[in-house]
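Please read it alongside the sequence and the structure.

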Amino acid sequence: MTRTTRLVVLLVAVVLLGAVGTGSVLYAAHRSGMRDQQQADGPTVRTGTVSLRPTDGRRLLVRNLAWGPKRDEIATVPADDPQGPRTVSGVKCLRFHAAAGTGICLQAVHGALEDTYRAVVLDSHLHELHRFPVPGIPTRARVSPSGHMVAWTVFVSGDSYSGTDFSTRTAIVDTRTWKIDDNLETFHVVKDGRHYRAADTNIWGVTFADDNRFYATLATGGQTYLVRGDVTARTLTTLHRNVECPSLSPDGTRIAYKKRVKGASPDAPWRLYVLNLRTMKETATAERRNIDDQALWADGSTLVYALPGDYGSDLWTVPADGSGTARRLMTSALAPAYLG
């Protein structure tokens with residue numbers, strides 16, 4: 001190959017790489033601009049009244065991710081028709097949960113230089129009752145069955161649970177007094193039956209049993225643990241290893257959670273499991289894909305969780321007993337809550 005030929009090949013390669021790069025930027029900008037446009041093949045979205053005490057049967061509330069002007073608003077559909085038309089509320093949340101007429105909405109406040117975040121407690125009409133500043137990116141939110149207690153987790157550093165270079169902050173609030181425990185890392189830890197203290201403790205993913213007892217994930221020493229929390233005693237007691245983002249079943253007997261499995265990619269390490277709290281027996285669900293979500297119990301036998309979709313996330317469902325197969329429940333949705 002002559003010098004001239006080599007120069008021509010190099011020039012062509014540079015031009016092609018530039019064209020690919022320009023095309024990628026233009027495509028990304030195009031998709032970003034389309035987020036504000038209603039998609040012809042997307043779900044029907046309409047404005048209306050959204051209540052956390054529905055009077056027309058059981059409802060499913062979600063963060064609507066369908067592209068268009070109503071993206072990120074809390075939306076509702078009949079629980080038995082999740083693919084039906086969505087009624088949106090006008091209230092935007094990054095993370096959301098609700099129970100017994102109380103909602104917790106984690107929001108971004110967009111500033112000129114950087115975004116800040118807040119946790120907003122909502123009444124049954126989605127009106128603000130109280131707000132709290134939060135020190136990082138919202139990731140988990142839960143309300144107790146009575147509606148009296150709310151909890152949230154944010155990333156203080158990092159933005160993913162998959163590695164080890166992250167720190168979270170988890171808070172619990174009593175909505176009757178507005179008393180806040182703004183960092184559960186100050187609770188006393190009982191690990192393997194002994195009092196335990198370490199600088200690397202990290203706690204996330206609260207799920208409530210009642211207004212005093214809860215479960216969460218504790219990480220320390222390179223391991224994760226399911227812990228049982230006591231708000232009054234301010235204690236966290238370890239129960240089982242390798243449990244993240246727990247979700248308590250309606251009857252209080254089982255925990256759905258994501259488990260790190262051997263042989264999985266470091267970037268996709270989790271599978272969805274269920275733990276029997278009496279026997280500590282683990283059951284793998286039929287969902288074999290990577291799960292990075294705090295699953296929700298739709299009822300006593302079915303789990304709902306988010307997986308990446310074309311427009312952000314879709315909701316999927318799978319039996320909790322290891323039987324059946326996973327199926328898509330709802331497109332372009334996140335942060336589900338069942339009411340009624």
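## Hairpins around strand 16

In the hairpin of strand 16 and strand 17 (residues 223–230), two residues lie between the strands, and G221 takes a positive phi near 60°. The model is a predicted one, in which local features need pLDDT of at least 70 and side-chain atom pairs count only at pLDDT 80 or more, while totals for chains, interfaces and linings use all residues. Residues are numbered from 1 along each chain as its sequence is written, and side-chain values use heavy atoms, with hydrogens and water left out.

Strands here are DSSP runs (E, at least two residues; helices are H or I, at least four), numbered from the N terminus. Two strands count as paired if DSSP finds at least two bridges between them. Strand 16 and strand 17 pair in the antiparallel sense over eight bridges, and within this pairing Y215 stands opposite R228 of strand 17.

Strand 16 also pairs with strand 15 (residues 202–208), again in the antiparallel sense, over five bridges. A hairpin of four residues joins strand 15 to strand 16, and F208 stands opposite F214 in strand 16. Strand 16 (residues 213–220) is mostly covered, with seven of its eight residues buried. Buried means under 20% relative accessible area, exposed over 50%, and partly exposed in between (1.4 Å probe, protein chains only).

## Two open sheets

Strands of a sheet pair through backbone hydrogen bonds, either parallel or antiparallel. Strand 7 (residues 116–122) and strand 8 run antiparallel and are joined by six bridges; A119 has F132 in strand 8 as its bridge partner.

Another open sheet has five strands in the order 1-4-3-2-27, with mixed pairing. Strand 1 (45–47) and strand 27 stand at the edges, each with a single partner strand, so one side of each has no neighbour in the sheet. Here the twist averages 35° from one strand to the next. Strand 1 pairs with strand 4 in the parallel sense over three bridges, and the bridge partner of T47 in strand 4 is V88.

## The disulfide

The structure holds one disulfide (a pair of cysteine sulfur atoms within 2.5 Å). This disulfide joins C93 to C105, with an S to S distance of 2.0 Å. The pair links distant parts of the chain, twelve residues apart: C93 lies in the loop between strand 4 (86–92) and strand 5, and C105 lies in strand 6 (residues 102–109). The link of C93 and C105 is left-handed, with -115° about the S-S bond.

| Residue | Relative accessible area | Class |
|---|---|---|
| C93 | 2% | buried |
| C105 | 0% | buried |
| C245 | 1% | buried |

On a 1 Å grid over the protein atoms alone, a cavity is a set of points where a 1.4 Å probe fits but cannot get out; a pocket is an open set with protein on both sides within 12 Å along at least five of seven lines, and lining residues have an atom within 4 Å of a point. Grid points are joined across faces, edges and corners, and a volume is the space filled by probe spheres set on the points.

The structure holds two cavities of 30 Å³ or more, and the largest cavity has a volume of about 100 Å³. Its lining includes R95, R140, R142 and D293. Strand 9 (137–143) gives the most to this lining, with four residues; strand 5 (95–99) and strand 27 (333–339) each supply at least two.

The largest pocket has a volume of about 550 Å³. Of the 23 residues that line the largest pocket, R63, R95, P138, S313 and L334 are the closest to its centre. The largest share of this lining, four residues, comes from strand 9, and strand 24 (302–309) and strand 25 (312–319) each supply at least two.

Definitions and conventions
Axes fitted to C-alpha atoms, helices over the stretch in contact; angles between N-to-C directions.
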